Amino acid sequence: MPKTRKRTLLSLLKGLLIAVALTLVCMLAMAAALVYLQMSDRLLTVLNQLVKLLAIALGTCAAVPRGGSRGLLTGVEIALLYMALGYAMYVLLGGGSFAVGNMLGEMLLGSAVGAVTGAVRANLSPRRSRIKA
């Protein structure tokens, strides 16, 4: 495998792992808040969506460096992998059935967030390294 493919796969894996780690930390915090704060189902649903979108954005930021290349595509790939992995885990852990329309809508929204985040990161000017005197 050429180095560019390995580098691309490693950056995708890095972004996906960071997105999953952030999700796990936020879910733990939401579980604690649910026990102590008596949150409503509606608020829990909104927070869940925000965590997903934040995780996709942060994972894309980790995978696409400032001034990098393929930002839009990398963001979409991370979003789709993240959402597919999330739904697979939901089903494997006994979550039951889900609506395909809802799943596709979430994948579309996540892809949009990943694409925009990746495109912005790729179009930022890279940081200049400071020259030490």
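Mentor: Before we start, pLDDT is the predictor's confidence in each residue, from 0 to 100.

Trainee: What is the average pLDDT of the protein chain, then?
Mentor: The protein chain averages 89, and 93% of the residues score at least 70. This is a predicted model, where local features need pLDDT of at least 70 and side-chain atom pairs count only at pLDDT 80 or more, while totals for chains, interfaces and linings use all residues. Residues are numbered from 1 along each chain as its sequence is written, and side-chain values use heavy atoms, with hydrogens and water left out.

Trainee: Where should I not read the coordinates in detail?
Mentor: Where pLDDT is low.

Trainee: How many helices and strands are there?
Mentor: Four helices and zero strands, in the order α-α-α-α from the N terminus. Both are DSSP runs numbered from the N terminus: helices are H or I with at least four residues, strands are E with at least two.

Trainee: Which helix has the lowest confidence, and which the highest?
Mentor: Helix α1 (residues 3–37) is lowest, at a mean of 91, and helix α2 (residues 41–63) is highest, at 93.

Trainee: What box do the C-alpha atoms fill?
Mentor: Roughly 55 × 35 × 25 Å, taken along the principal axes.

Trainee: And how much of the chain is buried?
Mentor: Buried residues make up 30% of the 133 residues. Buried means under 20% relative accessible area, exposed over 50%, and partly exposed in between, with a 1.4 Å probe and protein chains only.

Trainee: Is Val25 buried or exposed?
Mentor: Val25, in helix α1, is exposed, because its relative accessible area is 57%. Its C-alpha atom is separated by 30 Å from that of Asn123, 98 residues apart along the chain.

Trainee: New topic. How many salt bridges are there?
Mentor: Two, a salt bridge being a side-chain nitrogen of Lys or Arg within 4 Å of a carboxyl oxygen of Asp or Glu. In one of them, the side chains of Lys52 and Glu106 meet at 2.5 Å, N to O. That pair links distant parts of the chain, with Lys52 in helix α2 and Glu106 in helix α4, 54 residues apart.

Trainee: Are Lys52 and Glu106 buried or exposed?
Mentor: Lys52 is buried, and so is Glu106.

Trainee: What about Arg70, which residue does it pair with?
Mentor: Arg70 forms a salt bridge with Glu77, the closest N and O atoms being 3.4 Å apart. Arg70 is partly exposed at 40% relative accessibility, and Glu77 is partly exposed at 24%.

Trainee: Where is Ser111, and is it buried or exposed?
Mentor: Ser111 is in helix α4. It counts as buried, because its relative accessibility is 12%.

Trainee: Which backbone oxygen lies 2.7 Å from a polar atom of its side chain?
Mentor: For Ser111, that is the backbone oxygen of Met107.

Methods
A polar contact is a pair of N or O atoms within 3.5 Å; within protein, one must be able to donate a hydrogen and the other to accept it, and residues adjacent in sequence count only if both atoms are side-chain atoms.
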